[in-house]
Amino acid sequence: MRVAVTGGAGYIGSHTVVCLLEAGHEVLILDSFANAAPDVPDRIAGIAGQSAQVMRVDITDRPALTDALTGFRPEAVLHFAGLKAVGEAVEMPLEYYRVNVAGSLELMRAMEAAGCHRLVFSSSATVYGDPDVVPIPETHALRPTNPYGHSKRMVEQVIEDWGVANPAVAAVNLRYFNPVGAHGSAQIGEAPQGVPNNLMPYVAQVAVGERPHLSVFGDDYDTPDGTGVRDYIHVVDLAQAHLAALDLTGREGGVQAINVGTGRGYSVLEMVRAFETASGRPVPYEIIARRPGDIATSLADPSLSAARLGWKAERDLEAMCRDAWVWQSYLAGKNSG
């Protein structure tokens, strides 16, 4: 089918586009390239053996979105575009609401203009906030603790209301946990601009020698070693979950929320040790104060994704660290050359 992918040159979007192309879909990447390298679509084509169409479009630009979607006439949209750093969101809430919430509104209005009502939205486990129970089921109360989580919850609510108002809407809000790793080809992966906001790319940059040490935000949480515990999922597994969700929108109408995770958690220090093993390099770290908006433990209950999507994560922590290290080594070689 014809599938438009907002943020399709970004970290998760690019891996999903590869899977879409390999599955035989016709793909349109919509990306502003504010946080993505301009050669990513070429790398995607090299992996998949075929190209996606590409349009440079900002998610907040409804006329441009409408032109792109009415011209392409997608049967479905996968929506990744947005800002995604918890710490930055605390400092810049208005920008996060402008891009994540207002941009999503513009996208849905452009979809309506193009007659497209199938949507898979890149949501986040941050909508749960500090959970009462772990692993976290989809029925858990939604109470985000930071503007990033609030922006995701707001967009979910808009999609839910859109589905109530329009019976043609078929949407899945994928609440995923912590994507890590890279494609096994080492051609695409997470390449943050400036200081990484997520743990694994920071650890990788320390291991390769680009940064002196890792700052661990707090070691006094109620966890086995005092550091935060998260459910990490390999980005390729996550990409495949989006294809399963896309298939679900073709079988069923309405709006559903589904977790995407492994159900297995690792602490910050466990991740450090695993990466040291994968890379053969030391990862020095220092403990500093907790980061605003962080919680102790976040783990998915993945049972609904297994039942509704017929999907489960296959790649383990060793594969996550290995693929991230190979990708980081490629980046380091490219930058030094």
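Does His183 count as buried or exposed, and at what relative accessibility? At 18% relative accessibility, His183 counts as buried, where buried means under 20% relative accessible area, exposed over 50% and partly exposed in between, using a 1.4 Å probe and protein chains only. The model is a predicted one, so to speak of local features takes a pLDDT of at least 70, side-chain atom pairs count only at pLDDT 80 or more, and totals for chains, interfaces and linings use all residues. Residues are numbered from 1 along each chain as its sequence is written, and side-chain values use heavy atoms, with hydrogens and water left out.

His183 sits in the loop between strand S7 (178–180) and helix H7 (199–208); helices (H or I, at least four residues) and strands (E, at least two) are DSSP runs, numbered from the N terminus. Leaving aside residues up to four places away in sequence, His183 touches His15, Val18, Ile47, Ile188 and Val236, with contact meaning heavy atoms within 4.5 Å.

Two of the helices pack against each other. The axes of H1 (residues 11–22) and H8 (residues 235–251) come within 8 Å and cross at roughly 60°. Axes here are lines fitted to C-alpha atoms, for helices over the stretch in contact, and angles run from 0 to 180 degrees between N-to-C directions. H1 and H8 are therefore oblique to each other, given that angles under 35 degrees count as roughly parallel, over 145 as roughly antiparallel, 65 to 115 as roughly perpendicular and the rest as oblique. On the H1 side, Tyr11, Ile12, His15, Thr16, Cys19 and Leu20 take part, meeting H8 residues that include Val235, Val236, Leu243 and Leu246.

Then there is the sheet. In it, 3 strands form an open arrangement in the order S12-S9-S14, with mixed pairing; two strands pair if DSSP finds at least two bridges between them. The edge strands are S12 (266–267) and S14 (297–298), each pairing on one side only. S9 (residues 229–230) and S14 run parallel, joined by 2 bridges, and Arg230 stands opposite Ser298 in S14.

Thr223 belongs to the loop between S8 (214–217) and S9. Thr223 is buried, at 13% relative accessibility, and touches Val229, Ala296 and Thr297, not counting residues up to four places away in sequence.

Asp231 is found in the loop between S9 and S10 (232–234), and is buried too, with a relative accessible area of 0%. The C-alpha atoms of Asp231 and Gly261 are 6.3 Å apart, though 30 residues separate them along the chain. Contacts of Asp231 include Phe177, Asn178, Gly261, Arg264, Ser298 and Leu299.
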